[in-house]
Every structure is written in C-alpha cells, then in structure tokens.
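Subject: Structure handover

Hello,

Here is the structure for your files. My notes on salt bridges and the surface follow below it.

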Amino acid sequence: MLRPSWIACFVVAAGALVVAQEPIGEPETSPSAAPRSSPGEGGPGTEPPEAEEPAEEGGATPLHVLRYHYANDTFTSTDYYFTQGMGLHYVSPALLASPLAIPLPDLGHGSRREISLRWRYEGFTPEEIDRTAIQVGDRPFSSYMTLGHRTQVHAAEGAASLWVEWGLGYLGPAVGAREFQSEIHRHTGGKDPLGWRHQIRGDPIVQLEAGYAHRLFRHASLVDAFAELELRGGTLFSDATLGFRLRFGLLGAPLGPPEELRLYLWGSLQARAVGYNATLEGGVFNDSRYTLAANDLARLVAVAKWGAELEIGPFGLGFSFAFTSREFRRGRSHA
C-alpha cells in the first residue's frame, strides 16, 4: 500500500526531472570533454567525496575512470546500524552517446560533460545482531542495491558542477546482505547475525537525484572549498542535503596532466533534512513485519567526514571516516 508521505516524494522527484530537462543552451558533448567525478556522493553518508578527475591538455582523449569503494563499521568497532557498503563508479567517453542521459544545462563557456554508471550496495542492522526477537524501537535489518545512470556537467576550471542521476534497484532479502554478513562474521569471529529473518521485505527502488557544487575559493593548487546541495526523491530516500567541503594539500591544477601527483586531506560537514528513508520505514508497496514509524525519524541529520587521497598517474588510493548523528528517536550516533 502506498504511504501518504510518498506523494511529496514523487512531487520532488518529478520537479527535479522537469528542471533537469530544461537546458539553457547546448552543453558541450565533444569527445575531448574530460571526465570528472562528483564533488560529493549520495548515499546515507558513507561514500567519500571523489576527487576531480584531471583532464589532458590540448583536447586529448578523456580518460576512462573506474572507482571502487568499500565501507565497514568494523574499522571503528561499531557493529550496528550501517554495517557494510560498497560501490563501483564507471566513467567512459563511450557513454556520452547514451540515449538514457538526462539533458542538463551548460555551465558557461568551456564546460564539460560526463556520463557514468554507478552501482551501490549497503546493509543496516540494529544494535544487537544476534537476537532472534524483533528489537522494538531499534533500527530494522535492511539492505538495498541500486544501479544508477548519472549525467554531470562541470564548469571551466572546476568552478562548479551540476549532476542528475536516475536509478533502479531492489530493497530486501534478494540483495543477499544476510548471507554476506554471516560469511564475513564466520571468518572474523563476529556474532552470528540471527535477526535478518525480520528484515524489511522486498520492494522495487526507483530514484531520482540531483546535485550542485560551487567552488567558494581556491588558493593556488593547495586549498579549495565547495558549497554543495543534493536533492533525492523516490522509493528509497527522500531528503535534501546542504554541505561544505574543504581540501588541503597537493591538489594539482584543475586541468593538469593525468600523470600529476595529487596528495591531499579533505573534510566535509553536511546537514540533511529527511523526508523518507525506506531502510528505516520500509518499502512503498509491501508492508514489512517490523519498521519504524514516520514520527520516530530524526528529521535533521548531521554528517561529518574526513579523509585522505593519493593519486599517482592513473592510480589512486583513499581512506575516509564518516560520523552520522542519530537517525531515529531512540537511536545513537554512528561512526
């Protein structure tokens, strides 16, 4: 049964789609447009911001980009709430011709466009994963998997970035989070997660997300700062996030050569206004055995992140830490 609060979610998603399909002039779609990654990811505060991808001088062929991220709260000894996540982000000039791309407005002379595919998986549990009974008032067991198609336009010199992404996926047992966590804990000596029998039931995911980042300042190639806005609507998340991100170190030139060394620290602060969260409240079409009520949700969630990135030529390695304030009434903060 559709929940009444979803009327607002679909209105937000439809509005974002209408705005995204009203281009102001023709964006540049030349194969020489250099792919760059989003200054900030979606997701519930677990994915680190991705570094801007350098472009080759002189209009050379853009690089193919493949990024993988893995997150697990075992690293912080907090085996509850967000428990594990991973993702792949693939950018290719071949995707510029994709008929599934949503048109975006140009961001001025010299702006560049990229099309990418993003696969994401995340799993969540209550505090006590080895209890067989439903833990009333705590977070339900839940997991999801999505595949997104992202269109992104970058202003010249990386001064701004605009993106929109639509995605399809699944929320529920077929994702395999129960088996995944059980296998990991079997090898690491962790608790046997017995409560997955009460996880949120299967439900389809249809998402539309949009975001904009604007560079506030940049000093040489040593420090820069961005203000970021992200809107999400659909059957998984419905929220709005406002954030600030700072980078410090050897950032390299915005259009520097791909072999350039980049080594820097970054940090971000975000405030998220929450309308709906299916990993807490259950899916749209199928009722689950146990979920949290809408009035149990924290409507304002704070997220703090920091990390380090190293890029040498076509290779890179990064580490990040995320801290999230409580997401529901009886919840705790989580790292």
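Are Glu209 and Arg120 buried or exposed? Glu209 is buried, and Arg120 is buried too; buried stands for under 20% relative accessible area, exposed for over 50% and partly exposed for what lies in between, with a 1.4 Å probe and protein chains only.

Some conventions before the rest. This is a predicted model, in which local features need pLDDT of at least 70 and side-chain atom pairs count only at pLDDT 80 or more, while totals for chains, interfaces and linings use all residues. Residues are numbered from 1 along each chain as its sequence is written, and side-chain values use heavy atoms, with hydrogens and water left out.

Salt bridges

The structure has 12 salt bridges (a side-chain nitrogen of Lys or Arg within 4 Å of a carboxyl oxygen of Asp or Glu). One of them joins the side chains of Glu209 and Arg120, at 3.6 Å from N to O. Because Glu209 is in strand E6 (residues 203–219) and Arg120 in strand E3 (residues 112–125), this pair ties together parts that are 89 residues apart in sequence. Strands (E, at least two residues) and helices (H or I, at least four) are DSSP runs numbered from the N terminus.

Another salt bridge is formed by the side chains of Arg150 and Glu165, with an N to O distance of 2.9 Å. Arg150 belongs to strand E4 and Glu165 to strand E5 (residues 160–171), so parts 15 residues apart in sequence are tied together. Both Arg150 and Glu165 are buried. A network of salt bridges links Arg118, Arg120, Arg150, Glu165 and Glu209.

Arg139 and Glu327 also meet through their side chains in a salt bridge, at 3.4 Å from N to O. The pair links distant parts of the chain, 188 residues apart: Arg139 is in the loop between E3 and strand E4 (142–154), and Glu327 is in the segment after strand E11 (315–324). Arg139 counts as buried because its relative accessibility is 1%; for Glu327 the value is 17%, so Glu327 counts as buried.

Nonpolar patch

Leu66, Tyr68, Tyr70, Phe75, Leu88, Tyr90, Leu117 and Leu147 make a nonpolar surface patch of about 830 Å². Strand E1 (65–72) and strand E2 (81–91) are the elements that give two or more residues to the patch. E1 supplies the largest share, three residues. Patch residues have over 30% relative accessible area and no salt bridge; nonpolar side chains (Val, Leu, Ile, Met, Phe, Trp, Tyr) are joined within 5 Å, like charges within 9 Å. Accessible areas come from the Shrake-Rupley method with a 1.4 Å probe, and for residues only the protein chains shown count as cover. Leu117 is found in strand E3 and counts as partly exposed because its relative accessibility is 32%.

Regards
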